[in-house]
Amino acid sequence: ARDIQPLADLETTSSGPLKAIIADVSTADGRAAAIRTALDVHGRLDILVNNVGTNLRKASTDYTEEEYDELCATNQGSAFHLSRYAFPHLARVGGCVVNISSISGQTSDNTGVVYHMNKAAMDHMTRYLACEW
């Protein structure tokens, strides 16, 4: 979430342990912090929900390399690496990964080629890991 306050407010009203954190999951440090916090608060990991995404709507020739890299790191890299980091903890308890993608991974519209590529990759990663794991 971009604003931690609504999540932090839930900490006081939740019936169970809840910890709001700020973590940029497009980075290795952010991903590690998210997994580490979940394990510290709950002692185990039962589920990982990959529901991150960002987009820049522009023509394919207008993306800079930095924009491309940022979109890929956020939309695709975060889901892959979080799944990879979480796997041993999930496997230990029979947990699961839920990937939230987009219809843009299956269709073409005017929302930007990089977003479409990322969501198609996420869809394929989901199918692949379902077979591997």
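1. What should the 20 residues of helix α4 (residues 113-132) span at 1.5 Å a residue, and how far apart are its end C-alpha atoms? The expected span, taken as 1.5 Å times one less than the number of residues, is 28 Å, and the end C-alpha atoms are 28 Å apart, which agrees.

2. This is a predicted model, in which local features need pLDDT of at least 70 and side-chain atom pairs count only at pLDDT 80 or more, while totals for chains, interfaces and linings use all residues. Residues are numbered from 1 along each chain as its sequence is written, and side-chain values use heavy atoms, with hydrogens and water left out.

3. The protein has four helices and two strands, which follow the order α-α-β-α-β-α from the N terminus; helices (H or I, at least four residues) and strands (E, at least two) are DSSP runs, numbered from the N terminus.

4. Of the 133 residues, 29% count as buried, that is, under 20% relative accessible area with a 1.4 Å probe and protein chains only. In α4 the buried residues are V114, Y115, H116, N118, K119, M122, D123, M125 and L129, and they pack against β1 (47-50), α3 (65-93) and β2 (96-99).

5. Among contacts (heavy atoms within 4.5 Å) between residues at least 6 apart in sequence, 58% join residues at least 24 apart. The C-alpha atoms fill a box of roughly 45 × 35 × 25 Å, taken along the principal axes.

6. The protein exposes about 8400 Å², of which carbon and sulfur atoms supply 54%, the areas coming from the Shrake-Rupley method with a 1.4 Å probe.

Methods:
Buried means under 20% relative accessible area, exposed over 50%, partly exposed in between (1.4 Å probe, protein chains only).
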